[in-house]
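Here is a short briefing on one protein model. Look over the sequence and the fold first, then read the points below.

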Amino acid sequence: MTAGAAAARDVARTCGLLGLAPFCALPAAIAIWPSRADLTVFVVAAYAALILSFLGGARWGMALQAPVPDSRSLALAMGPTLAAWGLLIALHAAERLQLFGLAAVLILVGLWDLASPQGPAWYQRLRLILTAGAAGGLCLGALLLRV
């Protein structure tokens with residue numbers, strides 16, 4: 001691996017792990033401030049939707065790297081954004097379902113990335129770690145909610 005490739009891997013790893021902070025903070029915040037759980041869930045659900053949109057954009061960008069981009073891949077890359085947006089709107093009052101739904105979409109996108117690897121080999125390992133951390137934080141937060 002070249003020095004440039006290693007530096008890119010390190011930046012991606014650092015940014016990715018730092019990006020887990022809101023997901024990891026969700027269960028703690030709900031446990032510490034249960035009276036503010038609604039605000040906490042709103043903030044982290046919006047963040048999860050942004051992450052899903054980012055992941056769809058990453059798929060879009062990877063698809064465009066082909067000499068002749070696959071139109072089906074480009075269309076499917078919009079799925080994470082649309083699913084997250086739908087969950088934010090449709091399940092706004094059902095916070096537990098919203099968090100579980102966002103976790104499920106993160107897992108599905110993660111499985112999609114693992115099933116159709118693109119990019120460097122280290123990206124697949126990183127995606128697995130980040131997907132597990134994000135989905136785990138959302139699910140634990142959902143389980144801690146008082147309904």
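In this predicted model, helices α2 and α3 are roughly antiparallel, because their packing angle is about 165° and angles over 145 degrees count as such. Their axes lie 10 Å apart. The crossing of α2 and α3 is left-handed.

**The α2–α3 contact**
- Helix α2 spans residues 21–32, and helix α3 spans residues 37–63.
- From α2, the contact draws on Pro 22, Phe 23, Leu 26, Ala 29 and Ile 30.
- From α3, the contributors are Ala 37, Thr 40, Val 41, Val 44, Tyr 47, Ala 48 and Ile 51.
- By class, the residues of this contact comprise 11 nonpolar, one polar and no charged.

**Gln 124**
- Helix α7, residues 121–144, holds Gln 124.
- Is Gln 124 buried or exposed? Gln 124 counts as buried, because its relative accessibility is 12% and the cut-off for buried is under 20%.
- Beyond its neighbours within four places in sequence, Gln 124 touches Asp 113, Leu 114, Pro 117 and Gln 118.

**Confidence**
- Mean pLDDT for the protein chain is 93.
- A pLDDT of 70 or more is reached by 99% of the residues.
- Helix α2 has the highest confidence, at a mean of 96.
- Helix α4, residues 71–76, has the lowest, at a mean of 92.
- Where pLDDT is low, predicted coordinates should not be read in detail.

Notes: Residues numbered from 1 in each chain as written. Predicted model: local features only at pLDDT ≥ 70, side-chain atom pairs only at ≥ 80, totals over all residues. Heavy atoms only, no water. pLDDT = per-residue confidence, 0-100. Helix = DSSP H or I, 4+ residues; strand = E, 2+ residues; numbered from the N terminus. Buried < 20%, exposed > 50% of the residue type's maximum accessible area, 1.4 Å probe, protein only. Contact = heavy atoms within 4.5 Å. Axes fitted to C-alpha atoms, helices over the stretch in contact; angles between N-to-C directions. Parallel < 35°, antiparallel > 145°, perpendicular 65-115°, else oblique. Left-handed = near helix turned anticlockwise from the far one by under 90°. Nonpolar A, V, L, I, M, F, W, Y, C, P; charged D, E, K, R; others polar.
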